[in-house]
Amino acid sequence: MSIPDYSSLVANQRAYFLEGHTRSLAWRKTQLEAVKALFTDHHDELCDALWKDLRRNVNDADLMDVNYCAKEAAYALEHVESWMKPLHEPMPVVFEPGYIRVHRDPLGVALIIGAWNEPLMLLFGPLVAALAAGNTAVLKPSEVAAHCASAVARLVPKYFDPRIVAVVEGVVPETTALLAQQWDMIFFTGSPSVGKIVHQAAANNLTPCVLELGGKNPTIVHSSANLKVAARRIAYGRFANSGHICTAPDHVLVWPQVKDEFVQHMKDTIREFYGDDPKQSPDYGRVINRRNFDRLAALLGSGTAVAGGQTDPDELYIAPTVLVDVAVDSPIMQEEVFGPILPVLEIESIDAVIQWIIDRPSPLGVYIFAEDDDVVNEILAFTRSGDAEVNDCAIHPLFPELPFGGVGNSGMGKYHGRWGFEAFTNARGVLHHSTAIDPGVRYPPYDKHRVERVIVNKLMP
Ligand code: NAD
């Protein structure tokens, strides 16, 4: 099958962008209203697609995708006018009269590539930022969440002129062909290995990119932690959406003296959330496909299951599982789990926690459960991660006030709220210098104004 040529799609968006339509506040608000309307008008249809792809319950479908996207658009609608205002900085006295401003100029035509686990959030979160910032965009949904991808391809043209937002469905050849185009910005969400491919393609045209990647998020349970609350929040973060969440707690590092009590709370919590047989729970999801099912089922052998461990390939079901006796070099500790299995390992000191984190690729999130603030502050001070949570986990992407994104192996660039607006704009410094005064002191011959130059240099910024 031949791959379509995407050059006219990009050229049409660029021509539209260069005509200047996207610059006004009114245009941006119209597009953001359209995003909101798409998700409000088609709420049930989109929840249904998420059920078919991930057996996602409506509550979590709203929280992570459908209502999330409508709310992200509403937040941008409320704030976009203030985000667009140029920043004023004081002019150094020797250059007066004049002014210094920082404009936030749209970048142009953006390519947004999504992952399958939050198939709407990961396309429309960046899209809201792109539109608020005055860009046009092409969306490439993940083919793995097939029902959501086709819903997006069907619905977007009802709300957007293709010169503003277009959808390209496809797998690797289509994405490769898209990446060969000249973009003004590439926003990618997915695995670190594909992130490297995207970054290399962007480098060919010196295109700026944001990479939202994954990794293993360490979750520390200190001896001072509120163990019951920690278990509930960790269980929610690990088992919601069948564990297919980039910010999920990947593994727990717990102080030995509270390990048994913590594990007991995890077992009680799983029963409380999903009943004696989670397979029957309407709130518990399924693994996305057979490939991931097989990968996850193989990881179950990395330890002893003290909760869960059951699987059913016909239903792509893996029970919410807690593993103990996990060796550091076991398979589950070598890759991002990205499924409903939680390895629990013991760790004995803050120094060991810090060493654990800095010895490994930088994670998207570090989560610290502790009532002792000194413990929290020390771990935060000596480690790095995209973001962090204290006494909670996995939920920080839901806060538009927080910059969201990775660092190092977990990605580059931030978005959500104002941070997304900034990611899709160029901070264009504008120096406006009046011609009313033009003292000779700045010009050669320099000997002529030697004394004045000493004074002027002191007044320079
Ligand atoms: P993936 O990297 O396999 O795919 C992501 C996108 O890239 C898809 O649209 C896919 O079609 C495309 N793609 C795949 N192979 C490609 C190639 N060779 N060339 C060009 N494009 C290609 O990731 P995934 O399996 O969809 O998602 C899981 C990963 O994403 C996990 O690592 C997870 O942690 C991460 N993730 C990160 C975030 C975040 O915000 N940081 C959010 C969700 C998921």
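Guide: What follows covers the ligand site, then the backbone. Keep in mind that this is a predicted model.

Start with the location. The ligand sits in the largest pocket. Around the ligand there are 25 residues. The closest of them are G114, E143, S191, L213 and E336.

The side chain of S191 places an N or O atom 2.6 Å from an oxygen atom of the ligand. For E336, an N or O atom of the side chain is likewise 2.6 Å from a ligand oxygen atom. As for cover, the ligand on its own has 840 Å² of accessible area, and the protein covers 89% of that.

Next, the make-up of the shell. Its residues divide into 13 nonpolar, eight polar and four charged. Three elements each supply at least two residues of this shell: α8 (172-179), β6 (185-189) and α9 (192-204). Domain 1 (7-213 + 412-426) gives at least three residues to the shell, and so does domain 2 (218-400).

Now the backbone. Most peptide bonds are trans, and most residues other than glycine have a negative phi.

P97 belongs to the loop that runs between β1 (87-89) and β2 (98-106).

Another cis peptide bond joins P444 and P445, again with omega of about 0 degrees. Here the loop is the one between β18 (425-433) and α16 (450-459), where P445 is found.

The last stop is N241. Its phi is near 55 degrees, a positive value in a residue other than glycine. N241 lies in the loop between α10 (227-239) and β9 (251-254).

How values were computed: Residues numbered from 1 in each chain as written. Predicted model: local features only at pLDDT ≥ 70, side-chain atom pairs only at ≥ 80, totals over all residues. Heavy atoms only, no water. Near = heavy atom within 4 Å. Polar contact = N/O pair within 3.5 Å; in protein donor to acceptor, adjacent residues only side chain to side chain. Areas by Shrake-Rupley, 256 points an atom, 1.4 Å probe, with all protein chains shown as cover. 1 Å grid on protein atoms, 1.4 Å probe; cavity = no way out; pocket = protein on both sides within 12 Å on 5 of 7 lines; lining within 4 Å. Sits in = over half its atoms within 2 Å of the grid points. Helix = DSSP H or I, 4+ residues; strand = E, 2+ residues; numbered from the N terminus. Nonpolar A, V, L, I, M, F, W, Y, C, P; charged D, E, K, R; others polar. Domains from an automatic or database assignment.
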